[in-house]
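Hello,

Here is the structure we talked about. Please open it beside this email and follow along.

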Amino acid sequence: MIKVQDIAFAEFSVPDLDKQEAFLTDFGMVKVERTEDRLYMRGRGKYPYLNVTHKGEPGFKAVAMVAGSAADLDTIAGHSDATSGVEDIDGPGGGKRVRLKSPDGFEFQVIHGIEEADEMSIREPLAINYARSKNRQGTFQRPDLVPCEILRLGHCVFKVADADAMAVWLNDTLGMMKTDRLHIPDDANQTLGTFMHVDRGDDFSDHHSIFIINAPDDVKIHHTSYETQDPDAVFIGNHAMEKGGWNQEWGVGRHVLGSQVFDYWRDPWGHMFEHYADGDLVNQQHQPLDYPATPENLSQWGPTVTETFFD
Ligand SMILES: [Fe+2]
């Protein structure tokens, strides 16, 4: 079994790349490369791109998980769900990948050897004047009102036919571990969703890199989520997106499972993109916990969840 170590990028297709470039730019990504039929957008971290948009019918195409070694690609290429051998990636930074099909037909790519990009600067974390701890004396809080600075892809969420089966597949195939589980409030045996993290042993990783929601009648991507510097960056991003006239779905609030300060926006074709900051980290000492899927376990604070959030 391999153990993927990170999540790197997601691929979508949309009919109008100009429009998607405008959306992703206001969302906080930076253009890397644009051809007739493909758009690469990056964050400010080490990956050369976080989002690949192909010209075509609107839809999700793939998510890429980072292998621990080149040898892992050879191993995973032998998996019965592999739909390719080890192949070259045609994109900035090159690298190799193996494509897999999940039980619901989602493409997971396992990647290795993409050349890292030079990291871009980001605003320093704000010094906060807490009630009893004044960290900012004689200086003023004036962060620039620019599009949210995104660092990286943090997680990808899918609605699947059988969340329990998908959790097993993510563990068996990619070595991902269960973080927390949500169940139907009046039936603890029925899974509503499972959060999965990449296994780095004693080293910490995000509370979830993949979250799967049980939705047998509506299998599809739910959202992708991108990390920003701090909660102020999420609110500044909200301001920039509102000024850009884009459609907000839900936010700003703070989740319970994962603890992220969140804000969700729809691209022009309805794909949901999330800004987040201050997410939880876990390692192999973490004991998976079980929660009823109530509104109280969805967000600690923030607006009431929208009726269309789970669409
Ligand atoms: Fe999320």
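Two strands pair if DSSP finds at least two bridges between them. Strands (E, at least two residues) and helices (H or I, at least four) are DSSP runs, numbered from the N terminus. This is a predicted model: local features need pLDDT of at least 70, side-chain atom pairs count only at pLDDT 80 or more, and totals for chains, interfaces and linings use all residues. Residues are numbered from 1 along each chain as its sequence is written, and side-chain values use heavy atoms, with hydrogens and water left out.

First, the sheet. It is open and has 10 strands, in the order E21-E12-E13-E15-E11-E16-E19-E18-E17-E22, with mixed pairing. Strands E21 (289-292) and E22 (299-301) are the edges; each pairs on one side only.

Look at E18 (261-266) and E19 (272-277). They run antiparallel, joined by 6 bridges. Arg-266 stands opposite Met-272 in E19.

Next, a helix. H4 (231-243) packs on the sheet and touches E16 (220-228), E17 (247-255), E18, E19 and E22. Contact means heavy atoms within 4.5 Å.

Now the metal. What coordinates the iron ion? His-155 (NE2), His-223 (NE2) and Glu-274 (OE) do, at 2.1 to 2.2 Å. Donors are N, O and S atoms within 2.8 Å of the metal (3.2 Å for Na, K and Ca); water is not among the atoms, so sites may look incomplete.

Best wishes

Technical notes. Axes fitted to C-alpha atoms, helices over the stretch in contact; angles between N-to-C directions.
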